[in-house]
Amino acid sequence: MELRVLRYFLAVAREESISGAAQAVHVTQPTLSRQMMELEEELGKTLFLRGKRKISLTEEGLFLRKRAQEIIALVEKTESAFSKPEEHISGDVYIGCGETEAMRILARAARKLQRIHPDVTYHLFSGQGEDVRERLDEGLVDFGVFIEPVDLSKYDFIKLPTSDIWGVLMRRDSPLASRTAVTPSDLRNLPLIFSNQPMVKNEISGWMGEGVEHLNIVTTYNLLFNAALMVEEGMGYALGLDGIISVSENSPLCFRPLEPRLEVGLDIAWKKHQIFSKAAATFLEFLQKEIADMNENSTASSAKKNRAPLSVG
């Protein structure tokens, strides 16, 4: 299976016609049609449903499209790492992450690196933990940011010096907005907009002391931004992490933490024995320095608070 043929296949899937794809990849229609038939013969699967006006993908075709996109992305990522001149650090850094305020730590490290090496480019992929893990395993991202609890036994990782707080996103005119926090009993009668990740259900079940099946879940989500729009339109209350959605004074929404307080740690991970590009390796160095500075400042601040005041004789 050649990369050229995979690019042809993706063009057909995108254009939904042989003629349109042939024009896009600059080959003749008979050549492209023959290449696609040979690809089906090579795989022993029917990849296309050939209609009168357009071509659509079979289930096997959809699977191949996903894999072909990943393969092409990995090849382009590898080629990019070798195509940059050696006299200065340049290239691409790929980061997979869930929605979390902790991304500010990575952003600060990237900004400091950018001041010295402006030719480093960053590519962010946002998704759930399993999506990030899949891309990390397949080499499509250099680093993955994970929200705990998470099994990182097969990765190298650094614990980020911060934590996220679970709470409820609600309209400012809702009855609970006057509270300083939300308790388990408050949730039982609310229409809830809930993350579809099993890890989240386990966390909230542990916090409540009972299963979430007793809750009135009216909507599920994978990323919080669209869920916030549902909250704003009055669909319900969204459980999520603080800092993801802006709740400034001008916002129609507000955030109230859970009580008892429920915090989760965060980690940045990469494949063990990973051979990084120069850009990715340098970014990791800057990130480690950023984390070390944060830990040092935190220790100094704690020591200052705990220092007893001098007595006046």
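Two rings of Phe, Tyr or Trp count as a pair if their centres lie within 6.5 Å, and planes over 60 degrees apart make the pair edge-to-face. Keep that in mind for the first exercise, and remember that this is a predicted model.

**Exercise 1. Rings that pair**

Task: Find which residues the ring pairs link into a cluster, then work out how Tyr122 and Phe283 are arranged.

Solution: 
- Step 1. Searching the whole structure gives 7 aromatic pairs.
- Step 2. Ring pairs join Tyr122, Phe143, Trp270, Phe276 and Phe283 into a cluster.

**Exercise 2. Buried or partly exposed?**

Task: Classify Tyr122 and Phe283 by accessibility, then look for Phe283 in a nonpolar core.

Solution: 
- Step 1. Tyr122 has 23% relative accessibility and so counts as partly exposed.
- Step 2. Phe283 has 1% relative accessibility, so this residue is buried.
- Step 3. The largest nonpolar core has 50 residues, and those touching the most other members are Leu106, Phe143, Leu160, Leu187, Ile204 and Phe283.
- Step 4. Take Leu160 as an example: leaving out residues up to four places away in sequence, its contacts include Ala102, Ile105, Leu106, Val145 and Ile291.
- Step 5. There is also a second, separate core of 21 residues, with Tyr8, Phe9, Ile18 and Leu57 among them.

**Exercise 3. Two helices against α3**

Task: Describe how α1 and α2 pack with α3.

Solution: 
- Step 1. The axes of α1 (residues 3–15) and α3 (residues 29–43) are 10 Å apart, at an angle of about 105°. The two helices are therefore roughly perpendicular to each other.
- Step 2. From α1 come Arg4, Val5, Tyr8, Phe9 and Val12, and from α3 come Leu32, Gln35, Met36 and Leu39. By class, this contact has 7 nonpolar, 1 polar and 1 charged residues.
- Step 3. For α2 (residues 18–25) and α3 the angle is about 105° and the axes are 9 Å apart, so α2 too is roughly perpendicular to α3.
- Step 4. Here Ile18, Ser19, Ala21 and Ala22 of α2 meet Gln29, Leu32, Ser33 and Met36 of α3, giving 5 nonpolar, 3 polar and no charged residues.
- Step 5. Finish with Val27, in the loop between α2 and α3: this residue touches Tyr8, Ala22 and Leu32, not counting residues up to four places away in sequence.

Notes
Residues are numbered from 1 along each chain as its sequence is written. This is a predicted model: local features need pLDDT of at least 70, side-chain atom pairs count only at pLDDT 80 or more; totals for chains, interfaces and linings use all residues. Side-chain values use heavy atoms; hydrogens and water are left out. Axes are lines fitted to C-alpha atoms, for helices over the stretch in contact, and angles run from 0 to 180 degrees between N-to-C directions. Helices (H or I, at least four residues) and strands (E, at least two) are DSSP runs, numbered from the N terminus. Angles under 35 degrees count as roughly parallel, over 145 as roughly antiparallel, 65 to 115 as roughly perpendicular and the rest as oblique. Contact means heavy atoms within 4.5 Å. Ala, Val, Leu, Ile, Met, Phe, Trp, Tyr, Cys and Pro count as nonpolar, Asp, Glu, Lys and Arg as charged, and the others, Gly among them, as polar. A nonpolar core is a set of buried Ala, Val, Leu, Ile, Met, Phe, Trp, Tyr and Cys residues joined through side-chain atoms within 4.5 Å. Buried means under 20% relative accessible area, exposed over 50%, partly exposed in between (1.4 Å probe, protein chains only). Rings of Phe, Tyr and Trp (its six-membered ring) pair if their centres lie within 6.5 Å; planes under 30 degrees apart count as stacked, over 60 as edge-to-face and the rest as tilted.
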